[in-house]
Amino acid sequence: MRNVGIIGIGYTPVFVSKRKDVSIVEMISEAVDAGLKNTGLAPEDIDAYVFGNMATFEGVNMPHLWATEHMHARGKPIMRFATGGTIGMAAFHGAYYHVASGMADIAMAVTYEKHSEGDAQVGLMGIITPELMAMLSAGIDVTGQSGMGAIGGGSAGGISFQASSYLHRSGAGIEHIDAIAAMERRNAAKNPYAHLKDPEATAEKIAQTPMVSWPIRFGHICPTTDGATVCILASEEKAAKIADKVAWVLGVANCASDATTANLIDSQITDPAEQLPAIMASKKACERAGIEDPKKEIDYVEIYNGFAHQTLMYLEKVGMCEVGEAHKLLEAGELEMNGRCPVNASGGVVSTNSIGTSALNRVTECALQIMGQAGEHQVEKEVHKAMAHGWGGLMQYCTITILGDKPKKL
Amino acid sequence: MEETKVVTGAWELSTFKFNIEGRGLQLMLKHMKDRKLMGIKCHQCGTVYLPGPFYCRKCHIRIDEPAEVSDHGQVMTFTIGYADVRGNPLDEPRIAPIVKLDGCDSWIMGVMQGCAPEDVHVGMRVKVHWAEETTGSLQDMQYFVPE
Ligand SMILES: [Zn+2]
């Protein structure tokens with residue numbers, strides 16, 4: 001394995017609810033061209049492409065092939081990943097494997113979601129269709145009114161079981177979910193590539209938003225966003241020639257477990273707030289990065305938080321604090337941009353969620369912090385090492401990427 | 001709707017046959033008619049599942065030993081729904097607990113009645129309220145009530 005560094009990032013000019021001015025592939029090309037412009041590379045410099053977006057969300061089944069020419073990939077190797085919420089980071093890991101293995105010198109991860117042209121609820125149903133169809137004949141009630149296995153509330157319904165369990169087991173209260181959501185919307189106001197921004201957000205304001213499925217309020221939930229992100233990775237040798245600033249990949253890992261609440265037929269055996277994959281993937285990635293204690297060695301974290309309680313829950317799972325401690329760090333102001341453990345200065349997924357990009361944006365935002373290029377949302381402390389976390393799939397799938405300002409000693 | 005088009009027609013979805021061979025789900029449904037909850041126990045590690053898979057999720061071996069599970073149990077986590085799947089407000093908040101039944105190691109989802117939303121908590125003892133007439137359907141186990 002050889003060292004790999006992030007040498008460039010490309011975002012669409014905006015991340016908003018509806019990009020009516022561009023098609024899906026035109027939107028993708030905006031991010032691709034931004035990535036090339038930022039690195040000074042030409043299309044012929046890219047050896048391989050790894051593409052990612054959520055299967056079925058827009059009803060486009062082969063977007064990577066539709067977009068081939070829009071990302072200048074004709075005649076080049078392309079792979080597509082579709083791992084759920086973690087897609088962006090899975091695509092990043094795919095690009096990393098290409099370069100680390102020597103199969104390519106420069107690879108581009110390309111991710112997008114154009115939620116405004118699809119129905120995410122239909123897409124989400126697609127992840128449990130076989131079980132649901134079988135359970136329908138056994139009398140399951142999909143309107144959620146009665147009977148065993150009654151389902152109601154879409155993904156907010158499923159996730160609220162996790163939030164409720166997290167609150168019970170950590171000692172945190174719903175007021176802490178309000179407060180972290182407010183912090184991230186304030187952070188988002190400083191990020192030009194964020195969607196929901198509110199410089200005046202407070203826990204009290206979030207607490208006034210309607211309760212959807214206790215303890216999850218409207219203000220705790222991510223938006224549906226249109227946007228695309230690319231990330232360009234290069235070998236150490238190439239990076240030295242091309243880039244002034246590089247964020248080095250120190251360790252990557254992913255881990256899966258059972259489907260928890262989505263497992264209707266084989267029964268549920270896991271607490272949706274247990275999140276063993278986050279614990280395991282973090283341990284493995286730290287081990288690969290030569291990190292013994294993330295609490296002491298990681299300066300900055302980006303957590304995948306489609307729902308606001310997840311920032312706090314995952315800080316505990318990935319080892320950035322003890323169990324039951326995250327909400328205390330929040331109360332002490334340590335999670336803020338000027339705190340000791342800054343998290344999601346970008347505003348997180350709870351502020352911007354174009355799903356294909358969301359787990360990649362955790363990585364690119366960590367890279368920007370390391371390169372000192374985050375602009376108005378650059379955190380106060382110096383960032384030498386950062387951890388990016390991705391979550392999704394059927395509740396129990398996590399990815400981790402650890403970046404640093406220096407390449408790994410091989 | 002200006003931004004969407006509806007294409008009328010039928011989309012044939014499979015019924016996705018599962019290899020449950022009279023065990024698992026079918027075993028549970030059959031006994032629900034008699035107001036009994038029948039799961040499957042792993043003969044190696046002793047884990048009891050409801051509905052039972054045909055393999056142990058921990059030992060990865062085939063299992064088929066029926067094991068009766070109590071219709072009393074404990075709330076492991078819960079939510080209170082205020083909106084339906086389409087986001088429309090519900091007339092009454094809906095309590096949805098995930099319950100671990102006594103004698104069972106897996107958890108099941110359901111709804112709860114006979115309790116104010118503010119009184120539900122993790123660790124609460126509950127029992128199954130059975131339908132007046134049971135037919136061998138998931139609907140036989142109508143809802144949970146406080147013990
Ligand atoms: Zn076993």
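How many residues has the largest nonpolar core, and which have the most contacts inside it? This core has 121 residues, and those with the most contacts inside it are A:I6, A:M108, A:V110, A:L315, A:L335, A:I402 and A:L403. The model is predicted: local features need pLDDT of at least 70, side-chain atom pairs count only at pLDDT 80 or more, and totals for chains, interfaces and linings use all residues. Residues are numbered from 1 along each chain as its sequence is written, chains are lettered from A, and side-chain values use heavy atoms, without hydrogens or water.

**Cores**
- A nonpolar core is a set of buried Ala, Val, Leu, Ile, Met, Phe, Trp, Tyr and Cys residues joined through side-chain atoms within 4.5 Å.
- Buried means under 20% relative accessible area (1.4 Å probe, protein chains only).
- Another core, of 34 residues, lies apart from it; among its members are A:M135, B:I95, B:L101 and B:W130.

**Strand β8 of chain A**
- Eight of the ten residues of strand β8 (residues 247-256) of chain A are buried, so the strand is largely enclosed by the rest of the structure.
- Strands are DSSP runs of E, at least two residues; helices are runs of H or I, at least four.
- β8(A) runs antiparallel to strand β11 (residues 397-404) of chain A, with eight bridges.
- A:C255 has A:C398 as its bridge partner in β11(A).
- Two strands pair if DSSP finds at least two bridges between them.

**Helix α12 of chain A**
- Eight of the nine residues of helix α12 (residues 309-317) of chain A are buried, so the helix is largely enclosed by the rest of the structure.
- A:G319 follows α12(A), with a positive phi near 90°.

Terms used:
Buried means under 20% relative accessible area, exposed over 50%, partly exposed in between (1.4 Å probe, protein chains only).
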